[in-house]
There are 2 protein chains.
Amino acid sequence: MGQKGEALRQRIVVSADQLFYQKGYESTSFSDIADDVGISRGNFYYHFKSKDEILNAVIETRLTEIEQMLNEWSKQYTDPKQRIVEHIDILTNHQDKIKNHGCPVGSLCAELAKQNHSMLRDANKMFAVQRDWLTVQLKELGLGKEARQVAMHLLARSQGIATLTNAFEDQNFLRQEVKQLKQWLGEQIQGQNKNGN
Amino acid sequence: MGQKGEALRQRIVVSADQLFYQKGYESTSFSDIADDVGISRGNFYYHFKSKDEILNAVIETRLTEIEQMLNEWSKQYTDPKQRIVEHIDILTNHQDKIKNHGCPVGSLCAELAKQNHSMLRDANKMFAVQRDWLTVQLKELGLGKEARQVAMHLLARSQGIATLTNAFEDQNFLRQEVKQLKQWLGEQIQGQNKNGN
DNA sequence: GACTAATTAGGACGACTGTATTATTTTGCA
DNA sequence: TGCAAAATAATACAGTCGTCCTAATTAGTC
């Protein structure tokens, strides 16, 4: 695989990533991706020998991007609370896309679950890395064993917000809930300090 | 439309309802439904002249069922808090299905949103009736203008729980979060009483 | 029992799907 | 320049999709 092939492969993954998010995995055909990339349909089989292989590449790419994002926040902010707030603000920063297409992670997992697709176990790693990162931040804030549970709770809250924002096509609801969620986070940390630890 | 036709029509809707939930709308073909009902594929066009028409019938059926369920609770329980608890317990009572297929309402809305399907605005009524019913219960508990917002919050929490239970195929998480959600509901009502109203 | 309407089965239609093969063009190196 | 490898295009394949049409069967009514 030379440079040119690798570059095109990357372009295919980028297009597939966007289309899977916008239209869903199954509704996105080879032709859709080919048209988006600007190559012939037949050229695909040189780079990916099945649709699942593209899905796998997309999941790996997203996973890497999520990890990079989280690492960057870990570097950029010293306050764990600020890091978590940054995570919550994903919703605000992508409210337009969420309104139209939901959460890229949640909607993909939902689709794969419905199709009994074995790659669900790869897709939900995109949640797992966020859960683990949030757990670390919460422990730095003084939480103990319950940190992981609180992290899952945070993810669930975000997912619920994304789902209803998408269903009602209502960004106002998203902003309203994000405000509440940040408030809840503050109380959670305050309560923890009260308990002394 | 005679009796027999109406009966078969109903059987088609029931099968379509289940299959749309288990496999998703687009992944469910006419053949899938026909096989499930035990009729020929061609027979469909006598009862439904398009796939969207079946979807419409399914949504209407689900909507009616949801309304009946809520009305029954309004009759059966005098305490609005108990009614809301009953609503939360939907999650517990369907944890197996939710683990495998997510929330029937949330996952359908997500799919329709991804396909820019115009019937999303019909599908999200399944959320809206729940929101309105919860709003009534919360107002009976003494909440004011914020009741509607709290109702939406409750729905979002449920959706988040369903999404992650499905993605991680983990019912324990569901039970854990349901417990917390009920606790939160108690605090919410208590806090309301403190403020006097 | 005859006639009309309701209902069902069966198959044809063109379009599209993921997959696969083959031929052609482009690239990089000796 | 020449040649092997990489990359791309073009197209064929069998299957499935939603839709539609028609013929056959069943049911209800006089």
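Predicted model: local features only at pLDDT ≥ 70, side-chain atom pairs only at ≥ 80, totals over all residues.

1. Where I say below that residues meet, I use contact in the sense of heavy atoms within 4.5 Å. By that criterion, B:Met69, B:Leu70, B:Trp73 and B:Ser74 in H4(B) meet B:Arg83, B:Glu86, B:His87 and B:Ile90 in H5(B).

2. Helix H4 of chain B spans residues 51–76 and helix H5 of chain B spans residues 80–93, and their axes come within 9 Å and cross at roughly 145°. The crossing of H4(B) and H5(B) is right-handed.

3. How are the two chains related? Chain B is superposed on chain A by a rotation of 180° with 0.0 Å of shift along the axis, and the RMSD is 0.0 Å. This is the relation of a two-fold axis. The residue of chain B that comes closest to the rotation axis is B:Gly160, whose C-alpha lies at 1.9 Å.

4. As to the extent of the interface, chain B contributes 41 residues to the contact and chain A contributes 41 residues. About 3300 Å² is buried between chain B and chain A, and carbon and sulfur atoms give 58% of that area. On the chain B side, the residues that lose the most area to chain A are B:Lys114, B:Met152 and B:Phe168, which together account for 21% of what that side buries. Because 100% of the interface residues of chain B are also interface residues in chain A, the copies meet through the same surface.

5. The axes of helix H10 (residues 147–168) of chain A and helix H10 (residues 147–168) of chain B come within 7 Å and cross at roughly 110°, which makes H10(A) roughly perpendicular to H10(B). H10(A) passes H10(B) in a right-handed crossing.

6. Which residues make up this helix contact? Among those that H10(A) brings to it are A:Met152, A:His153, A:Leu155, A:Gly160, A:Leu164 and A:Phe168, while those from H10(B) include B:Met152, B:His153, B:Leu155, B:Gly160, B:Leu164 and B:Phe168. The residues of the contact between H10(A) and H10(B) divide into 12 nonpolar, 8 polar and 2 charged.

Technical notes:
Residues numbered from 1 in each chain as written. Chains lettered and ligands numbered in written order. Heavy atoms only, no water. Least-squares fit on C-alpha atoms with pLDDT ≥ 70 in both. Axes fitted to C-alpha atoms, helices over the stretch in contact; angles between N-to-C directions. Helix = DSSP H or I, 4+ residues; strand = E, 2+ residues; numbered from the N terminus. Parallel < 35°, antiparallel > 145°, perpendicular 65-115°, else oblique. Left-handed = near helix turned anticlockwise from the far one by under 90°. Nonpolar A, V, L, I, M, F, W, Y, C, P; charged D, E, K, R; others polar. Buried area = accessible area lost by both parts, 1.4 Å probe.
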